[in-house]
Amino acid sequence: NYKFNETLLTIPPSASLAVSEKAKRLKAEGIDVITLATGEPDFDTPDAARIAGIAGIAGGHTHYNAALGLPALRQRIARKLCEENGIDASEENIILTPGGKYAVYEAIRTFITPGKAEEVMILNPAWVSYGPIVMAAGGIPVNVELSFETHYKITREALDSAVSKQTRAVIVNYPNNPTGCILSQEEAEILADFALAHDLILISDEIYERITYDKKQSVSLASLPQIADRVITLNGFSKAAAMTGWRLGYACAPKEVIGKMSILSQHTISCLSQFSMEAALAALDCQEDIARMVASYDARRSFFVKGLNDIPGVTCLVPQGAFYAWAKVDLAGKDSFEIADYLLDEARVAVVPGDSYGKGGSRCIRMSFATAEADLREALDRMRAAICK
Ligand code: PLP
């Protein structure tokens, strides 16, 4: 009879992992399921990054190193943020983390004191892990509802309706998982005014920032000078460079904040593996590989989103970034969990129910188009047949 951490007992397991597990079980039974549920590039890590990682291992770079990360990598990331994102950064503003996920945890941990009922606002729909990470870090997640009909445009009214005296930070994620929306300059200004008015930290998860379409770019919040000192920019190598298994993320923040995050790193993870970071350094120069991957997602986005919108009762937003199609499905009044179950049972297609992304996801489903083209085409046929039945 264990006495577990009481917070942990209230945290639900990951919804997208649950769908993937169910799909895997069906596959193991010999049922032909197409999985559109996982959020992972279907490409291998670019050669130059792999070669750099192998060279690191061969060269014996397999020991502890700095908790903040390799200086050369921190410098190179700072340069990237200056050149590509308009963020004024140097080496002292960067800390490496084992994956973007841990950067989210560390950023929240740095600002939230457990037991003080401090709140963190999360713009919905939102990646399934933000709420649990806030809870695990001792904070209270507060969901901010945005609406499908306005393409989840950020409004000051929506932000004002969720803020309280206990609010410490807001988590913002653009390009967005699951909706594919990107952040406009106008929305960035709204967030900036709001953060200044309530003295809030903005945690900006920009992990999909390299994956955008139609020559558009998502605004990096820290590029707005009036809030640069209150934005923690999070990014990583999992999505853009197809390096999910290398566990490479980073945060960019004022030096003082990085110092506090580093204390957490020193006592929880010590450091990242050096050869992983050497691979990351090489990945930052793999622009052509990344452009090729993005072009391929773009081609798949075009026909997949069109195919979804051609199915009666399905309305799919045109994603401006990331590799997810987010669609509202009108199917005999079914909610998103029922729709996902129906599609798995009838079409043998695994999708993630929209309600797992918080408010604003009812009757929606998320599908990853970082999936083989043939599977996407087959999934469209099957979903159309099941929905039109
Ligand atoms: N942030 C968002 C919005 C994500 O979708 C993910 C992964 O699914 C992550 C962060 C974490 O990525 P990683 O920990 O692999 O860097």
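Modeller: On the side of helix α9 that is turned away from its buried face lie the exposed residues K255, E256, I263 and H267. Please keep in mind throughout that this is a predicted model.

The helix itself runs over residues 255–268. From the first C-alpha to the last, its 14 residues reach 20 Å, close to the 20 Å expected at 1.5 Å a residue.

Which residues of α9 are buried? They are V257, I258, M261 and S265. Because these residues cover an arc of only 95° around the axis, they are on the same side of α9. After α9 comes S270, whose phi is positive, near 65°.

Two of the covering elements lead to other parts of the model. G86 counts as partly exposed because it has 14 C-beta neighbours inside 10 Å. Leaving aside neighbours within four places in sequence, G86 is in contact with S220 and S223. By contrast, G86 and I387 are 301 residues apart in sequence and 45 Å apart in space, C-alpha to C-alpha.

The ligand is the next point of interest. It is surrounded by 13 residues, of which the closest are G99, G100, K101, G236 and S238. The shell around the ligand divides into two nonpolar, nine polar and two charged residues.

Helix α11 (residues 287–309) has 23 residues and reaches 32 Å from its first C-alpha to its last, close to the 33 Å expected at 1.5 Å a residue. Its buried residues are D289, M293, Y297, R300, R301, F304, V305 and L308. They pack against β9 (314–316), β10 (324–329) and α13 (373–387).

Finally, the wider setting comes from a record. An unreviewed UniProt entry lists residues 32–382 for "domain: Aminotransferase class I/classII large". Over residues 32–382 the chain is 38% helix and 16% strand, and the end C-alpha atoms are 12 Å apart.

Notes: Residues are numbered from 1 along each chain as its sequence is written. This is a predicted model: local features need pLDDT of at least 70, side-chain atom pairs count only at pLDDT 80 or more; totals for chains, interfaces and linings use all residues. Helices (H or I, at least four residues) and strands (E, at least two) are DSSP runs, numbered from the N terminus. The expected span of a helix is 1.5 Å times one less than its number of residues. A residue is buried if 20 or more other C-beta atoms lie within 10 Å of its own, exposed if 12 or fewer, and partly exposed in between; C-beta atoms are placed from the backbone. The arc is that of the directions from the helix axis to the C-beta atoms. UniProt positions are given in the numbering used here, feature names are shortened, and annotations may be inferred rather than shown by experiment. A residue is near a molecule or strand if its C-beta atom, placed from the backbone, lies within 6 Å of it. Ala, Val, Leu, Ile, Met, Phe, Trp, Tyr, Cys and Pro count as nonpolar, Asp, Glu, Lys and Arg as charged, and the others, Gly among them, as polar. Two residues are in contact if their C-beta atoms, placed from the backbone, lie within 7 Å.
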